[in-house]
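Open the structure in your viewer and keep the selection tool ready. At each stop of this tour you will be told what to select next and what is to be found there.

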Amino acid sequence: MDRLELQGRIFNSRLLTGTGKFRDKKLIEPMLESSESEIITMALRRVNFQNPQENILNYIPKKITLLPNTSGARNAEEAIKIAMIAREAGCGDFIKIEVINDMKYLLPNNEETIKATKFLAKEGFIVLPYMYPDIYAAKALEDAGAAAVMPLGAPIGSNKGLLSKSFLEILNENKRVPLIVDAGIGTPSQAAEAMEMGVDAVLVNTAIATAEDPVMMGKAFSMAVKAGRMAYLAKLATTSKYAQASSPLTDFLFRGDKE
């Protein structure tokens, strides 16, 4: 079967989802069911054992793999501390590294991300680093032990799609670990486009969570990801500069006139 593998862990779905921006946390579970997503990312600050109604873990089915993120970390040291706390809180060994110290554009700091990835991979974490799409940084993350590399498609939360498509294609052509497009995907068609490129998965949060019907939108993204992956495996037809007839252009109707 064609399944996603992350450092020995196998997943049927190639759609990762998130917990942020839902108007009602009770929508998370039905969204996960409709989208068939098996991995969900969450900020550690949403884990609140003192207040069950605010504790995000109470809204996520036990069968779902948690992907805590280091949201709020401004450098490698802070990301490492958050990852350690997440593990102690019982969130497992998966960790999504986010190191952002640019508060205007919210672009990830690749240098600090590489440092955190190297340390946490040695500590036994399954590290998925969020990064700016740069071939040298991607290779460094692979060498540091990343289980996958997660370049942005567009600025986080923007829903602008694959603004970095040319760079994503370069990363995809040279990858040694799975490539997961994270941030910026705003429509199911954009998710399908990413999968048609041959990337291994996509992470979608804002586009699903802020939709009028997040449950239905989760289903739409699930179908789009499957369609895109299927199209990639089927080997897309090449494009042509000029028109090409799908049937032979013949003059058989007029042959009798010429004889």
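Begin by selecting Lys96, which is found in strand β6 (residues 94-97), where strands (E, at least two residues) and helices (H or I, at least four) are DSSP runs numbered from the N terminus. Before going further, note that this is a predicted model, in which local features need pLDDT of at least 70 and side-chain atom pairs count only at pLDDT 80 or more, while totals for chains, interfaces and linings use all residues. Residues are numbered from 1 along each chain as its sequence is written, and side-chain values use heavy atoms, with hydrogens and water left out.

**The annotated lysine**

In its unreviewed entry, UniProt lists Lys96 under "active site"; UniProt positions are given in the numbering used here, feature names are shortened, and annotations may be inferred rather than shown by experiment. Is Lys96 buried or exposed? Lys96 is buried, with a relative accessible area of 4%, where buried means under 20% relative accessible area, exposed over 50%, and partly exposed in between (1.4 Å probe, protein chains only).

A pocket is found on a 1 Å grid over the protein atoms alone, as an open set of points with protein on both sides within 12 Å along at least five of seven lines, whereas a cavity is a set of points where a 1.4 Å probe fits but cannot get out; lining residues have an atom within 4 Å of a point.

About 610 Å³ of space lies in the largest pocket, a volume being the space filled by probe spheres set on the points, which are joined across faces, edges and corners. Of the 31 residues that line this pocket, Asn69, Ser71, Glu98, Ile156 and Asn205 are the closest to its centre.

Within the set, zoom in on Gly184, which is found in the loop between β9 and α6 and counts as buried at 7% relative accessibility. Then move to Thr206, in helix α7 (residues 206-209), which counts as buried at 14% relative accessibility. Leaving aside its neighbours within four places in sequence, Thr206 is in contact with Lys21, Gly157, Asn159 and Ala211.

Now select helix α5 (residues 165-173), in which Leu168, Leu171 and Asn172 are buried. Why do these three lie on the same side of α5? They do so because they cover an arc of only 100° around the axis, the arc being that of the directions from the helix axis to the C-beta atoms. The buried residues of α5 pack against β7 (126-131), α4 (135-144), β8 (150-151), β9 (180-182) and α6 (188-197).

From there, go on to α6, where Gln190, Ala191, Ala192, Ala194, Met195 and Met197 are buried. What covers them includes α5, β9, β10 (201-204) and α8 (214-233). Just after α6, select Gly198, which takes a positive phi of about 105°.

**A buried glutamate and a cavity**

Turn now to Glu142, which lies in helix α4 and is buried, with a relative accessible area of 12%. Not counting residues up to four places away in sequence, Glu142 touches Val149, Asn174, Lys175, Arg176 and Val177. Glu142 is also one of the residues that line the largest cavity, together with others including Ile135, Ala138, Leu171 and Leu179. This cavity has a volume of about 60 Å³, and the largest share of its lining, 4 residues, comes from α4.

**The nonpolar cores**

As a last stop, look at the inside of the model. In soluble globular proteins, nonpolar side chains tend to be buried together. Here the largest nonpolar core has 56 residues, and those with the most contacts inside it are Ile60 and Val202; such a core is a set of buried Ala, Val, Leu, Ile, Met, Phe, Trp, Tyr and Cys residues joined through side-chain atoms within 4.5 Å. Helix α2 (residues 76-88) gives the largest share of this core, 6 residues. Finish by selecting a second, separate core of 15 residues, which includes Leu16, Phe94, Ile126 and Met150.

Terms used:
Contact = heavy atoms within 4.5 Å.
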